[in-house]
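I opened a new model today. These are my notes on what I looked up.

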Amino acid sequence: EGSRPDITISLPGSSKIFIDSKFPFQRFLEAVDEKDPAARDALMQQHAKDLMAHVTALAKRQYQGDVNSPDFVVLFAPFESILAETLKTDPQFLNNAFEKNVTIATPTNMMALLKSVAFAFNRNDFAQNAINIQNVAAEFLKRVSSLHQKLATLGDRLKSTERAFNEVVSTAET
């Protein structure tokens, strides 16, 4: 089909999370405006079916099949109530979506996901900085050790030179 996810989040270690933000909610909006409870319920049921059809189509795109991706794709729901109403109509909706390797993210848990990604990057940066510091420290210790050896050699040579000088002075005095 040649489709691409709307958002690709890169993670440390070259992993990726794919997010789709195309969310069918026309029938949801119609249901919210509907005054007749029976018609509203029918629209909400149709909304749940539309949403599951979208989940099925999204799963078939196989974004989550990418070698660098976890085994799921995220479908972003633009507001919390759109998912809450779907779950009232179809309590198994999330389980059915999970079985298709699609997870639904509302603004609240999307923020948690993004903060987790940021945390992973910070941890990765921290670990990389620690490795860099360790490498610099190892090089510094190697250089200090080399300097110490050269100072010890210079000290030995100075003592030898002092002995030779004293011997020359002693010989000159006699």
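How are H2 and H3 oriented to each other, roughly parallel or roughly perpendicular? I found them roughly perpendicular (the class for angles of 65 to 115 degrees), because their axes cross at roughly 105°. The axes of H2 (residues 37-60) and H3 (residues 80-89) come within 9 Å. I note that axes are lines fitted to C-alpha atoms, for helices over the stretch in contact, with angles from 0 to 180 degrees between N-to-C directions. Helices (H or I, at least four residues) and strands (E, at least two) are DSSP runs, numbered from the N terminus.

I keep in mind that this is a predicted model, with local features needing pLDDT of at least 70 and side-chain atom pairs pLDDT 80 or more, while totals for chains, interfaces and linings use all residues. Residues are numbered from 1 along each chain, and side-chain values use heavy atoms, without hydrogens and water.

I checked confidence next. The protein chain averages a pLDDT (predictor's confidence in each residue, 0 to 100) of 83.

Then I looked at H3. Its buried residues (under 20% relative accessible area, 1.4 Å probe, protein chains only) are Ile-82, Leu-83, Glu-85 and Thr-86. They cover an arc (directions from the helix axis to the C-beta atoms) of only 160°, so they sit on the same side of H3. They pack against H1, H2, H4 and S4.

Last, I looked up Thr-106, in the loop between S4 and H5. Thr-106 counts as buried, at 5% relative accessibility. Leaving aside neighbours within four places in sequence, Thr-106 is in contact (heavy atoms within 4.5 Å) with Phe-76, Ala-77, Glu-80 and Leu-83.

Methods: Angles under 35 degrees count as roughly parallel, over 145 as roughly antiparallel, 65 to 115 as roughly perpendicular and the rest as oblique. Buried means under 20% relative accessible area, exposed over 50%, partly exposed in between (1.4 Å probe, protein chains only).
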